[in-house]
Amino acid sequence: MSKLPKPEELARNISFQTPAKGWMDVKPDFRPGTYCNAAAPKWMEWVGYPFPRAWSVAEADWKLPPDWKEIILAGMEDRLKRFRSLKIFFDICVRCGACADKCHFYLGTGDPKNMPVLRAELMRSVYKRYFTTAGKLLGEIAGARDLTEDVLKEWFFYLHQCTICRRCSLFCPYGIDMAEMTLLGREMLASVGLNIDWALASVAQCYDKGSHIGATPQAFKDMMDFLAEENERITGITTPPSYNRKGAEVLFVMPSGDYFADPGTFTMMGYMLLFEYIGLDYTLSTYAAEGGNFGWFVSHEMGKRLNVKIYEEAKRLKVKWILGGECGHMWRVCNQYMPTYWGESPGFLEEPVSPITGTRFENAKVHKMVHISEFTADLIKHGKLKFDTQRNAHIKLTFHDSCNTSRGMGIFEEPRYIINSVLPEGNFVEMPPNTIREKTFCCGSSSGINANENMEIRMLGGFPRANAVRYVQEKYGVNHLGCICALDRATLPTLVQYWVPGMECTGITELVGNALVFPGELERTTDLRDRDLEGFGEAEETEEEGDE
Amino acid sequence: MAVVEHQGKTFEVDEDGFLANLDEWGPEWVDYVKELEGITTLVEDHWKVINMLQDYFKKNGIAPMVRILSKVTGFKLKYIYELFPSGPGKGACKMAGLPKPTGCV
């Protein structure tokens, strides 16, 4: 693995100079630290993907199948027919450049091919050459170019420097959706056996066992039981999870990061405390043990394959509706694709109604799934939760809108409403307006590229987000970065450790868990992370206990 | 897949340098990762972590959550980093021959 340069050095080297040569004459520089490793053949075999073989991005020969060009062009022709959007996006761009400086990867790298307009042009030029009359006749004059191995390598490089966050689409006067183009481009790459290991390993694990981390049912139960014990130790409240229980009212599905990786595990504890508090009749599934969907990062077909288990389990367990945890791309997939993937709105589920407040979630009428932030905000609005906000007094928070929940789904107010209810007044500070809500900057590592080997590009892609976090740290003394996405909880800690030392990351339901006041609870002296709370309990005593 | 040679033994590893097959694990592999990690001497606590990781993996099919590792061994995360400078995943799991973690981690 390459050595990551120091932050000052990396920032200093971002250059926005105009390149000396035209874009068609510049090849990508596959420097270690900038690209993801090739998927191991094992994972490709697990999911039946074509052309499994050992190959390396760093080597000149990518061991492509002999007819790779025909496969790509046939794949493009097929997608142009199936996705009218793709053809329209290819045809209507007028190169106005409104998108250019909106991409976090362009802002972080200064590489013109990370301007969304040019990233799309990498594929558009091939479309022109083979599918338009002007391109066939005039070639380069019409912006067309032959599909060569170098072009394919360029796709691979830049389509994995797009995190399908759609910030560029927001500013495009035509609404061209770069995310959709990137996804279809990645599908075409996969058709000739070009996949990245981090995404495909997670996909294969999920397809095989039900979660990206590859948790077996016993591992899933072990982790949940452990977190329930932790809840009991800290709060004195038992929060026993139920597994695969038929007839429960609600199936709760969360991203696997929330029960495996810190700091997500504290958010998982928060979910359990909340459900215990309101007496929710819910079950977990040891198979639908993953709300996230790395499959969607690879192809629509794979997204569908991984997603189907959520409805299957809801059907088998005979629940009424589904509640989803804090996960970004889960939310995008479930709201925008799930009923389509399934074929119809699932008739075996009911339109979700909160059993506590009676609120009917009409927005979930079709997909029958509610987001935990919507659910919690509704509980608070109806005065169903009692909080002691002083238990979060040590947390000065800013909120990172995750691309998929905010730009993808319009969940802006709910998390903020929860935050303001569980933190003392004045403890929540917004980042600058052009970096939040629908204009939020991506974490820089989403869409399956949160690997180790491409750390330099991850840190550059996340630079605009980190910059805004650093601003509120320096100006307002913010010490926690909140989010409602497990992928963010995996990537942001690495990002802020690099650019904004001293910043902690947290889920929002963790803060709910901290603040909830239960009847008969233990006297609280720490938060869910075992951090001593100032003014709670006897400080001297806790200090002595602390050196165990 | 790359191949690593150490003390006359060869090991198949993935691109992140994790052992491809736990069956190939042995003292030579441990010594190889020890050098990689810059650990001078392996003490009893290193072995306590390695044994816990392997036992858990054999029973559950994945590496334990860091907090479970911490609870079972009684070692705080900070101490685990002192034992394995690259941390519980890239250091300890690698030495124990476990595969690298995947997903939102």
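# Helix packing and chain contact in a predicted model

In chain B, helix H2 (residues 44-60) packs with helix H3 (residues 66-73) at an angle of about 125°, their axes 10 Å apart. That makes H2(B) oblique to H3(B). This is a predicted model, in which local features need pLDDT of at least 70, side-chain atom pairs count only at pLDDT 80 or more, and totals for chains, interfaces and linings use all residues. Residues are numbered from 1 along each chain as its sequence is written, while chains are lettered from A and ligands numbered from 1 in the order in which they are written.

**The helix pair in chain B**

- Helices (H or I, at least four residues) and strands (E, at least two) are DSSP runs, numbered from the N terminus.
- Axes are lines fitted to C-alpha atoms, for helices over the stretch in contact, and angles run from 0 to 180 degrees between N-to-C directions.
- Angles under 35 degrees count as roughly parallel, over 145 as roughly antiparallel, 65 to 115 as roughly perpendicular and the rest as oblique.
- H2(B) supplies B:Lys48, B:Val49 and B:Met52 to the contact, and H3(B) supplies B:Leu69, B:Val72 and B:Thr73. Contact requires C-beta atoms, placed from the backbone, to lie within 7 Å.
- Four of these contact residues are nonpolar, one is polar and one is charged. Ala, Val, Leu, Ile, Met, Phe, Trp, Tyr, Cys and Pro count as nonpolar, Asp, Glu, Lys and Arg as charged, and the others, Gly among them, as polar.

**Where chains A and B touch**

- Chain B gives 16 residues to the contact, and chain A gives 30 residues.
- H3(B) provides the largest share of the chain B side, three residues.
- The chain B side divides into eight nonpolar, four polar and four charged residues.

**Helix H10 of chain A**

- H10(A) (residues 178-191) has 14 residues, which at 1.5 Å a residue should span 20 Å. Its end C-alpha atoms are 20 Å apart, which agrees. The expected span is 1.5 Å times one less than the number of residues.
- H10(A) is mostly covered, with 12 of its 14 residues buried. A residue is buried if 20 or more other C-beta atoms lie within 10 Å of its own, exposed if 12 or fewer, and partly exposed in between.
- The buried residues include A:Met178, A:Leu184 and A:Arg186.
- Just after H10(A), A:Gly193 takes a positive phi of about 80°.

**A loop residue in chain A**

- A:Asn13 lies in the loop between helix H1 (7-12) and helix H2 (41-46) of chain A.
- A:Asn13 counts as exposed because it has 11 C-beta neighbours inside 10 Å.

Notes. Contact = placed C-beta atoms within 7 Å.
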